Amino acid sequence: MEDPESAGVGTSQSTEPGFRDGPPLERIESVFRVYERRTDGEQLLYYGDPLVHPERAIQELWPVFRENGYEARLTRRHGEIVLVAEPVSIGVDGIPWTNVFLLLATVVSTMFAGALWYQIDPFANPTDVWRAWPFTVAVLGVLGVHELGHYVMSRYHQVDASLPYFIPFPTIIGTMGAVIKLKGQMPNRKALFDIGVAGPLAGLVATVAVTVIGLHLPPTTVPEAVAQEGEGAIQLGIPPMLELIAAATDQPLYLDDPTTNVNPVVVGAWVGMFITFLNLIPVGQLDGGHILRAMAGEYHATISSLVPGVLFVLAGYLYYVADYGLQTVFIWVFWGFLTAVFAAAGAARPITDEQLDPGRYAVGLLTFGLGALCFMPVPLQVV
């Protein structure tokens, strides 16, 4: 049940014309006794009383309405229980100007950040910033493919979803990632699992491709003065997946050479790996939370509640035992608090809650395993 909401101005008392496209009343009244019908714009409103538990009622009614092109939910209006049916809208209407603007802004911010990885001073040489375009393509490529994986699978399961929203931000990579907004209800665990797992798997395929390409591109040379001084330099952690790909392709990572760095395209691939790991943390509305909810059902809440503590313990170990500074451990403190909020908010709840098939369980375990290969206890530190 949702919070009370206003019925809105302009509600019609007409009971027939707007209901011709809805399901027959007899298919509704088996679980929901209707005593009044209204329309509010394109919404169909059925005032009545559930004859069974509300959760079971919506489980019974949701597929009935979906057959007729509507999504149904139970709510309250002015103290009355209302079954609200809204037309299903799948896809994009018109030009998504917000998405376009954010994409262009992220192109600028990642190119600016990429210039630094190419040893270009964007303030002293602003006309040379464009030379960082391979870094921008790498970062936006891995993020975009990740989100499009979610989007394509959302369309497959007829769950309304937005196009990706890229998030420009003045960090060392120029972005805070990308997201899509799921606007439709999740019909079942299969849809929840498929939508959740499609992003990380698609993103990892793109990440591996970008890594291989980047490792074969020429490395960047660090100016001698910067290499000798070293102070203030950012050192990235190396996830096991990056080490494995470098070993498989017989390409160096230049870990012990202060005068040489890998090509910034590899840094773009590093972004894909780190984002994949963070997204697969099994809490709330993160991809890992969706996958865990689909696999573990109601047990997901117990597992998710342990995650913030694990991250705080990791931060404590790095600070008190491994003797890293606050700048290094802050990221896990931050994600400890963030996952606590996500865990408290809970995961998506599918309409029907049947168990997954063994194949999906296997894919889920494989996905979490690949996510573990993207883990770095110290993602970055300032030397």
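Residues are numbered from 1 along each chain as its sequence is written, and side-chain values use heavy atoms, with hydrogens and water left out. Because the model is predicted, local features need pLDDT of at least 70 and side-chain atom pairs count only at pLDDT 80 or more, whereas totals for chains, interfaces and linings use all residues.

The domain assignment, which is automatic or taken from a database, gives domain 1 (25–87) and domain 2 (97–280). Their centres, taken over C-alpha atoms, are separated by 44 Å. The contact (heavy atoms within 4.5 Å) involves 5 residues from domain 1 and 6 residues from domain 2. Between the two domains about 390 Å² is buried, and carbon and sulfur atoms give 37% of that area; buried area is the accessible area (1.4 Å probe) that two parts lose on being put together, summed over both. Of the area that domain 1 buries against domain 2, 87% is supplied by Trp62, Arg66 and Glu71, more than by any other three residues.

On the side of domain 1 that touches domain 2, α2 (54–67) and β3 (70–77) each supply at least two residues; helices (H or I, at least four residues) and strands (E, at least two) are DSSP runs, numbered from the N terminus. The largest share, 3 residues, comes from β3. This side divides into 2 nonpolar, no polar and 3 charged residues, where Ala, Val, Leu, Ile, Met, Phe, Trp, Tyr, Cys and Pro count as nonpolar, Asp, Glu, Lys and Arg as charged, and the others, Gly among them, as polar.

Two packed helices are described by the angle between their axes and the distance between the axes. Helix α8 (residues 264–279) packs against helix α11 (residues 326–345) at an angle of about 35°, with the axes 13 Å apart. Axes are lines fitted to C-alpha atoms, for helices over the stretch in contact, and angles run from 0 to 180 degrees between N-to-C directions. In this contact, Phe274, Phe277 and Leu278 of α8 meet Ile331, Trp332 and Trp335 of α11. The contact residues comprise 6 nonpolar, no polar and no charged.

The salt-bridge count comes to 14.

Notes: Salt bridge = Lys/Arg side-chain N within 4 Å of Asp/Glu carboxyl O.
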